Amino acid sequence: MLTPKKTYQQQDTYPPMSDLSDLLRNVFGFDGFRSGQQEIVETVIRGDNVLAIMPTGGGKSLCFQLPALARQGVVLVISPLIALMRDQVRGLQSVGVVAGALTSANTDAETQYVYDGLENGSLKLLYLAPERLGSSSTFALLRRYNISMIAVDEAHCVSQWGHDFRPDYLKIGELRRTLGVPLSAFTATADAETRDEIVERLFDGVPPVTFLRGFDRPNIHLAFAIKDNPRKQILEFADARKGQSGIVYCATRAKTESLAKALEDSGHNACFYHGGMDPDDRRHVEARFAKEDGLIVVATVAFGMGVDKPDIRWVAHADLPKSIEAYYQEIGRAGRDGAPAETFTLYGAEDIRLRRTQIDEGLAPADRRMADHGRLNALLGLSEALECRRKTLLAYFGETTEACGKCDLCDAPVETFDGTQNVRMALSAILRTQESFGAGHLIDILTGKATDKVRARGHEDLPTFGVGRALSTHQWNAVFRQMMGHDLIRPDRERHGALRMTDAALPILRDEQKITLRMDSIRSARQTPKVKTLVSDEDAPLLSALKAKRRALAEAADVPAYIVFNDKTLIEMAQERPQTLDDMARISGVGAKKLATYGAEFLSVITGAADRVHPTRRKIAGRSEASLYDQLLEAQADLARGRDGTEKPLSCSASLLAKVAQMRPRDHRALERILGERRAERFGQAFLDVVSQAG
């Protein structure tokens, strides 16, 4: 921390409101307030409870920092990230304000500086992480000193089902009651439901003075694109902005590492960041990003909340964000200095399936899951918008505006067409196949492709067979993606991703309602080159579940996995999806004995009935790390008695394997932190090879 050269002295009385502009200019160096700031500052100074929803980059911090100088006593600031607290403390000290933070990253000198300031009454702002509120000693400490107000930054973290929920935020209400002081809560993202939760948890249900400032960030250009070789798309986007600071958000940790390497190989200054990294490594990236110009950080959402770098010129999403609120908050990290900034978001059908699965498999109650689907739907609506992106985005937050002229759809308006007939064809195919198949099989039916899978089920005799020949496979993929975007169909997690129709589709199916689709999506939907896999993306989750069942049975019988069924048989099961034992008997490799011994077990996996998969493996079934877990288990089996088969048996628990699959360590040191020295020595290189090949 810096030592202030000049201290703003505490006043015996609050300064007249007319003097606020002098404080603003003399302490912070601003000639005037930003839109909406002054009214909030004046209300906070008066001592009212306040809830302020302001756009990211709209100057929230000043709304509690300036009142700290105008009020007697200490303003306690609850902030979720150490890096953000330290940045703000350094900034305040650099302008002569006595401010400090109590964090686990403090040096002894920094901690002593805080206590000295509390004792002599010079400290004006004390930053504290919410986790400290779990200690009774913290409450006792704060009662000792003249805390005059509590300010809560990122107040949406109190929302239990929000994307940034922090359990310790739930203790803030108790702290407010204990200290008996006013509280001001600030956030950039809070819909009506989240605002109600903030009021209930922080203000005991008594509405504070609420300010809802505009959500528009007019300096940010919005753009979306359908995934079409997404790595190349991100690289081309970054190449056109070489030397500018940017953030690329990815859905998985592994992707952050591989994409950061690709950017580096292309000549960019890039690094990765995710929650699985060593804390020291994360802090190193945070420090680099704060200091270096032109650095690109490829990260999961673990990086971002509280990022206060003003000159981030662009934010890209390599995968669709979780919700429209998450999207708004993440793009809001760009252009905080008010200069032009750009955003670029990639999306595809696989993103939609992933996000829906995450919602359906979450622990939230049914009504919350329904609300989360609504938030995702709003983002999908923005992705497939037919007119101005900004107009669509702001409408979600209850604001109306004219076309902005500064988004991709204003730059190049899209051509649309009446997609009602195509959608009705697709819905008919779904219903006539009992909602039991994914898009790939349905498109084969619609385009009249008599594949083995189609013929095996007699689907070439369906009335819908071949009715969609006017569109190519790629074009039908675009139709199905837009149908998911409009929430007309959803993948069923109980049936391994088979598409089911929603109630929203009924009026279209009955020809009671029309639907407009984007022509550019149809025309530009080209097949993206994919890594060669054993099965299609559609069948991969089921194959992973079948392998888990095989492994459990093999372990119980103490036999090699292939003794149960070989891979070829499981692949055919995943592709053909037998529904009865008679169907199962027709699968290659399933004889009478194996049918009697294992048939029902594997059929239960395919049809969605409960099974006896290892609980740890069951938890990750269908997720990206599931296949990696399976490969790690196979690699472990090969080395259970060492490379020469003569060593003492050794294995890793299911939880350790799952941890490796989730964290995807890239070097021996990182792997040893997970497995320990003995297991890392036995399995280390094999596991690292598996992780590396998974990409």
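A disulfide is a pair of cysteine sulfur atoms within 2.5 Å. The model is predicted: local features need pLDDT of at least 70 and side-chain atom pairs count only at pLDDT 80 or more, while totals for chains, interfaces and linings use all residues. Residues are numbered from 1 along each chain as its sequence is written, and side-chain values use heavy atoms, leaving out hydrogens and water.

**View 1. Cys-388 and Cys-404.** The closest cysteine sulfur to that of Cys-388 belongs to Cys-404, at 3.6 Å, which is too far for a bond. Cys-388 is buried (under 20% relative accessible area, with a 1.4 Å probe and protein chains only), its own value being 4%.

**View 2. Cys-157 and Cys-63.** From the sulfur of Cys-157, the closest cysteine sulfur lies 18 Å away in Cys-63, again too far for a bond. Cys-157 is buried, at 0% relative accessible area. Zero disulfides are found in a search of the whole structure.

**View 3. Packing of helices α2 and α3.** Helix α2 spans residues 37–46 and helix α3 residues 62–70; helices are DSSP runs (H or I, at least four residues) numbered from the N terminus.

**View 4. Residues between α2 and α3.** The contact (heavy atoms within 4.5 Å) involves Gln-37, Ile-40, Val-41, Val-44 and Ile-45 of α2, and Leu-62, Cys-63, Leu-66, Pro-67 and Ala-70 of α3.

Key
Buried means under 20% relative accessible area, exposed over 50%, partly exposed in between (1.4 Å probe, protein chains only). Axes are lines fitted to C-alpha atoms, for helices over the stretch in contact, and angles run from 0 to 180 degrees between N-to-C directions. Helices (H or I, at least four residues) and strands (E, at least two) are DSSP runs, numbered from the N terminus.
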